[in-house]
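Thanks for coming, everyone. Please have the model open while I talk.

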Amino acid sequence: QVQLVESGGGSVQAGGSLRLSCAASGSMYNGYHRTWCMGWFRQGPGKEREGVASIWSRDGSTYYADSVKGRFTVSQDNAENTVYLQLNSLKPEDSAMYYCAARLSFVASCPLTSSDFAYWGQGTQVTVSS
């Protein structure tokens, strides 16, 4: 199985920064070491879930939604089985519940399609005030 636990959310003013963490664990996750697409998604009140960024664990290839390019950075620490999302220059419209997700991938292709991701964390709330 795969367990994902997010942390690092909070309340900040516009222009501020946060770093979200996603700790991955489980026998399946460890068994398929470095063959995972790790994605970050968000869902604001009354909005559909939106893909934000993803990273392929094998080589660190990254993907970003246009809305966050240049402001958010996804990274990983494979030794710690942890994926990070650095959020800079935050805007009120970035307010949402942020979810970490995982899916197996043996190729460097991690498009941000939520239905492709089989494992999800519980989410961490980010609130940006103007």
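Let's start in the middle. This is a predicted model. Strand S5 covers residues 50-56, and six of its seven residues are buried, so the rest of the structure largely encloses it.

Who are its partners? On one side of the pairing list is strand S4, residues 36-43. S4 and S5 run antiparallel, with six bridges between them. Look for Trp40: it stands opposite Ala53 in S5.

Next, strand S6, residues 62-64. S6 also pairs with S5, antiparallel, through three bridges. Here Ser54 has Tyr63 as its bridge partner. Again we get a hairpin, now with five residues between the strands. The turn holds Gly60, with a positive phi of about 80°.

**The aromatic rings**

Now the rings. How many aromatic pairs does the structure hold? Six. Take Phe41 and Trp120 to begin with. Their ring centres are 4.9 Å apart and their planes meet at 50°, so this pair counts as tilted. That angle falls between the 30 and 60 degree cut-offs. The pair ties together distant parts of the chain: Phe41 is in S4, Trp120 is in S10 (residues 119-120), and 79 residues separate them.

Buried or exposed? Phe41 is buried, at 1% relative accessible area. Trp120 is partly exposed, at 25%.

Trp120 has another ring partner, Tyr99. Those centres lie 6.4 Å apart with planes at 75°, so the pair is edge-to-face. This one also links distant parts of the chain, from Tyr99 in strand S9 (residues 96-104) to Trp120 in S10, 21 residues apart. Tyr99 is buried, with a relative accessible area of 15%.

Arg49 lies over the face of Tyr99, 4.4 Å from the ring centre. Arg103 has its charged end over the ring of Phe117, 5.5 Å from the centre.

**One more residue: Thr82**

Last stop, strand S8, residues 82-87, which includes Thr82. Thr82 has 11% relative accessibility, which is under the 20% cut-off, so Thr82 counts as buried. What does its side chain reach? The backbone oxygen of Glu80, at 2.9 Å. Leaving out residues up to four places away in sequence, Thr82 touches Ser21, Cys22, Ala23, Ser75, Gln76 and Asp77.

Key
Residues numbered from 1 in each chain as written. Predicted model: local features only at pLDDT ≥ 70, side-chain atom pairs only at ≥ 80, totals over all residues. Heavy atoms only, no water. Helix = DSSP H or I, 4+ residues; strand = E, 2+ residues; numbered from the N terminus. Buried < 20%, exposed > 50% of the residue type's maximum accessible area, 1.4 Å probe, protein only. Polar contact = N/O pair within 3.5 Å; in protein donor to acceptor, adjacent residues only side chain to side chain. Contact = heavy atoms within 4.5 Å. Pairing = 2+ DSSP bridges. Phe/Tyr/Trp six-rings, centres within 6.5 Å; stacked < 30°, edge-to-face > 60°. Lys NZ or Arg CZ within 6 Å of the ring centre and 35° of its normal.
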